[in-house]
Amino acid sequence: MRAVQVQEYGGPEVLRTVEAEVPEPGPGQVSVDVAYTGVNFADLKARGEGYRVPSLPFVPGLEVSGRVRALGEGVSGVEVGQEVAALTAGGAYADVVVTDATTVFPLPSRVDLRTAATLPTVLPTAYALVHAVGRLQPGETVLVQGAAGGIGTVVGQLAKAAGASGVFGVVSGAAKAKYALDHGYDEVFVVPSTNSASPASPAKPVEFVDEVRAATGGLGVDLALDPVGGETFRASLASLAVFGRLVSFGNASSAEAWRVGQPELYPTGLSVSGFSILTLAQTAPGALRALTEKAFAAVAEGVVSLPVTAEFPLEEASEAHRLMGGRTSTGKLLLRVA
């Protein structure tokens, strides 16, 4: 079978298509003939920095759609040939991938394989940020970094559906701002990056706190969602209203891990929490499954949609990485495998 490997860390050019052995599922696992693979920023960090890479060579990829190829011992709930979406710990840039049965999900009705590949990481993450971790209430306001990306696109729609009175986004360019405004956002702040060619080391963001305060009548937002870290994390914290909540769900800046304590939180009763769908899959797979089922239902019911804005053949995975790394992409990028 074909697989796209990282044999050394570096830019998109280190992604190489090779012939590999077809993996077989072990106990509690499922193998999937891959139709489409989703491209995520975590894939770029894996390729460039070794993020969550156990050893080299390594095949990236965290989410797929396709058909069940084989079942490992003890697996029930899915059948060979059934169309599914799956969250993986890696290995999805390939014709066949093996993953735990707990993260394999039969497709909702009226969801095709192409759409399904956009769901496993983005939908549950966005749903958790708005509901399970962020606990957004009707009438509250929310600020989202990366509003035009995959997660940002879904969060804007979910927040609006949850009754948010103001949904505000931060993006890096005017075209992205227009895109976000079409997907649930009431106002979008443009924060240009001067280092868009290096996703692992983005430039220090322009201050956006004043714009957020102005848009909320000086109050700040009730919920801020940050996948960037570093100075952006600090600015998001400074954008919160009294009793506001900040959820960190990534560190795209590769900055030193954030630290927040009494001096920042006590004066206005702020709270900070975190979320990682990949970690949740390891520590609480049952909670992840329940979360995913709710998120998938939102798609089946037409509450949210995630446009596929670019699609590449598997062998052109490096081009997908260049597009995402250039900070100009919106929505979801896919690799077409079969």
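The model is predicted. Helix α3 (122–132) crosses α4 (residues 150–161) at roughly 45°, while α1 (residues 41–49) and α11 (residues 317–325) cross at roughly 105°. Thr118 counts as buried, and Thr99 is buried too.

**Helices α3 and α4**

- The axes of α3 and α4 come within 9 Å.
- With a crossing angle of roughly 45°, the two helices α3 and α4 are oblique to each other.
- The crossing of α3 past α4 is right-handed.
- On the α3 side, the contact is made by Val122, Leu123, Thr125, Ala126, Tyr127, Leu129 and Val130.
- On the α4 side, Gly150, Ile151, Val154, Val155, Leu158 and Ala159 take part.
- Eleven residues of this contact are nonpolar and two are polar, with no charged residues.
- Nine of the eleven residues of α3 are buried, leaving the helix mostly covered.
- The buried residues of α3 include Pro124 and Ala128, as well as Val122, Leu123 and Thr125.

- Thr118 is in the loop between α2 (113–116) and α3 (122–132).
- The relative accessibility of Thr118 is 1%, so this residue counts as buried.
- A polar atom of the Thr118 side chain lies 2.6 Å from the backbone oxygen of Thr115.
- Leaving aside residues up to four places away in sequence, Thr118 touches Glu63, Leu123, Leu306, Val308, Lys332 and Leu334.
- One of these, Leu123, is also among the α3 residues that contact α4 and is itself buried.

**Helices α1 and α11**

- The axes of α1 and α11 come within 10 Å.
- Because they cross at roughly 105°, α1 and α11 are roughly perpendicular to each other.
- Phe41, Asp43, Leu44 and Arg47 of α1 meet His321, Met324 and Gly325 of α11.
- The contact of α1 with α11 has three nonpolar, two polar and two charged residues.

**Thr99, in strand β6**

- Thr99 is located in strand β6 (residues 96–100).
- Thr99 has a relative accessible area of 6% and is therefore buried.
- The backbone oxygen of Leu87 is reached by the Thr99 side chain at 2.8 Å.
- A polar contact of 3.3 Å links the side chains of Thr99 and Thr103.
- Not counting residues up to four places away in sequence, Thr99 touches Gln29, Val30, Ala86, Leu87, Thr88 and Val104.

Conventions: Residues are numbered from 1 along each chain as its sequence is written. This is a predicted model: local features need pLDDT of at least 70, side-chain atom pairs count only at pLDDT 80 or more; totals for chains, interfaces and linings use all residues. Side-chain values use heavy atoms; hydrogens and water are left out. Helices (H or I, at least four residues) and strands (E, at least two) are DSSP runs, numbered from the N terminus. Buried means under 20% relative accessible area, exposed over 50%, partly exposed in between (1.4 Å probe, protein chains only). A polar contact is a pair of N or O atoms within 3.5 Å; within protein, one must be able to donate a hydrogen and the other to accept it, and residues adjacent in sequence count only if both atoms are side-chain atoms. Contact means heavy atoms within 4.5 Å. Axes are lines fitted to C-alpha atoms, for helices over the stretch in contact, and angles run from 0 to 180 degrees between N-to-C directions. Angles under 35 degrees count as roughly parallel, over 145 as roughly antiparallel, 65 to 115 as roughly perpendicular and the rest as oblique. A crossing is left-handed if the near helix is turned anticlockwise from the far one by less than a right angle, and right-handed if clockwise. Ala, Val, Leu, Ile, Met, Phe, Trp, Tyr, Cys and Pro count as nonpolar, Asp, Glu, Lys and Arg as charged, and the others, Gly among them, as polar.
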